[in-house]
Amino acid sequence: MSVRMFRPNGPEHVEFYPKTASTVFAFGDPVYLGTDGTLLAYTPGVAAPFLGLIQKAVAATDSDYASTTRVPVAVGNYDSEYLFTATTTAAAATDVGEYVDYVAATVSVNVGSSSNDDVYVTQFISSTLVVGKWAR
């Protein structure tokens with residue numbers, strides 16, 4: 001399951017960025033810009049700001065897989081909120097107002113861990129869903 005924009009709370013728009021060559025992306029994966037200006041999948045604790053959600057799946061079988069073709073990225077603003085699946089630890093109302101860790105392997109958050117502080121929880125929905133803002 002990919003991360004989804006929950007409530008834009010301001011302008012949301014699409015920008016185009018070159019993807020990293022020979023890298024697989026799923027639609028809706030969180031991305032950031034690498035030092036060479038190409039998109040990389042967001043990883044926990046990365047020392048670069050979250051950019052947005054890639055709007056095109058990239059597969060190894062694509063004809064442009066090995067190139068740096070520009071792809072669409074949905075970019076929100078500082079107040080944009082995203083819907084996250086909570087895995088590893090069940091979410092609770094007490095998680096609101098806490099920083100939690102992003103889990104790249106499952107494209108989710110671990111509300112029981114705050115070693116990387118990737119996401120700020122703004123709303124509790126259920127034991128498996130929370131709303132949050134990316135820490136920038």
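In what order do the five strands of the open sheet lie, and is their pairing parallel or antiparallel? In this predicted model, the order is E2-E6-E5-E3-E4, and the pairing is antiparallel. Strand E2 (13–18) and E4 form the edges of the sheet, each pairing on one side only. From one strand to the next, the twist averages 50°. Strands of a sheet pair through backbone hydrogen bonds, either parallel or antiparallel.

Within this sheet, strand E3 (residues 30–33) pairs with E5 in the antiparallel sense over two bridges. Here Pro30 stands opposite Leu53 in E5.

## Strands E8, E10 and E11

Strand E10 takes part in two pairings. With E8, strand E10 runs antiparallel, and two bridges join them; Val100 stands opposite Val119 in E10. With E11, strand E10 pairs over six bridges, again in the antiparallel sense. A hairpin through two residues joins E10 to E11, and Ser126 stands opposite Leu129 in E11.

## Aromatic pairs

The whole structure contains nine aromatic pairs. One of them is formed by Phe50 and Trp134, whose rings are stacked, at 4.4 Å centre to centre and with 15° between the planes. This pair links distant parts of the chain, 84 residues apart. Phe50 lies in the loop between strand E4 (39–41) and strand E5 (52–54), whereas Trp134 belongs to strand E11 (residues 129–134). Phe50 has a relative accessibility of 3% and therefore counts as buried. Trp134 is likewise buried, because its relative accessibility is 3%.

Tyr99 and Tyr120 form a tilted pair, because their planes stand at 55° while their ring centres are 5.0 Å apart. This pair also links distant parts of the chain: Tyr99 is in strand E8 (residues 99–103) and Tyr120 in strand E10 (residues 119–126), 21 residues apart. The pair thus has its two members in E8 and E10, the strands that two bridges join.

| Residue | Relative accessibility | Class |
|---|---|---|
| Phe50 | 3% | buried |
| Trp134 | 3% | buried |
| Tyr99 | 41% | partly exposed |
| Tyr120 | 30% | partly exposed |

## The aromatic cluster

Which residues form one aromatic cluster? The members are Tyr32, Tyr42, Phe50, Tyr82, Phe84, Tyr102 and Trp134. The cluster includes Phe50 and Trp134, the two residues of the stacked pair.

Key
Residues numbered from 1 in each chain as written. Predicted model: local features only at pLDDT ≥ 70, side-chain atom pairs only at ≥ 80, totals over all residues. Heavy atoms only, no water. Phe/Tyr/Trp six-rings, centres within 6.5 Å; stacked < 30°, edge-to-face > 60°. Helix = DSSP H or I, 4+ residues; strand = E, 2+ residues; numbered from the N terminus. Buried < 20%, exposed > 50% of the residue type's maximum accessible area, 1.4 Å probe, protein only. Pairing = 2+ DSSP bridges. Axes fitted to C-alpha atoms, helices over the stretch in contact; angles between N-to-C directions.
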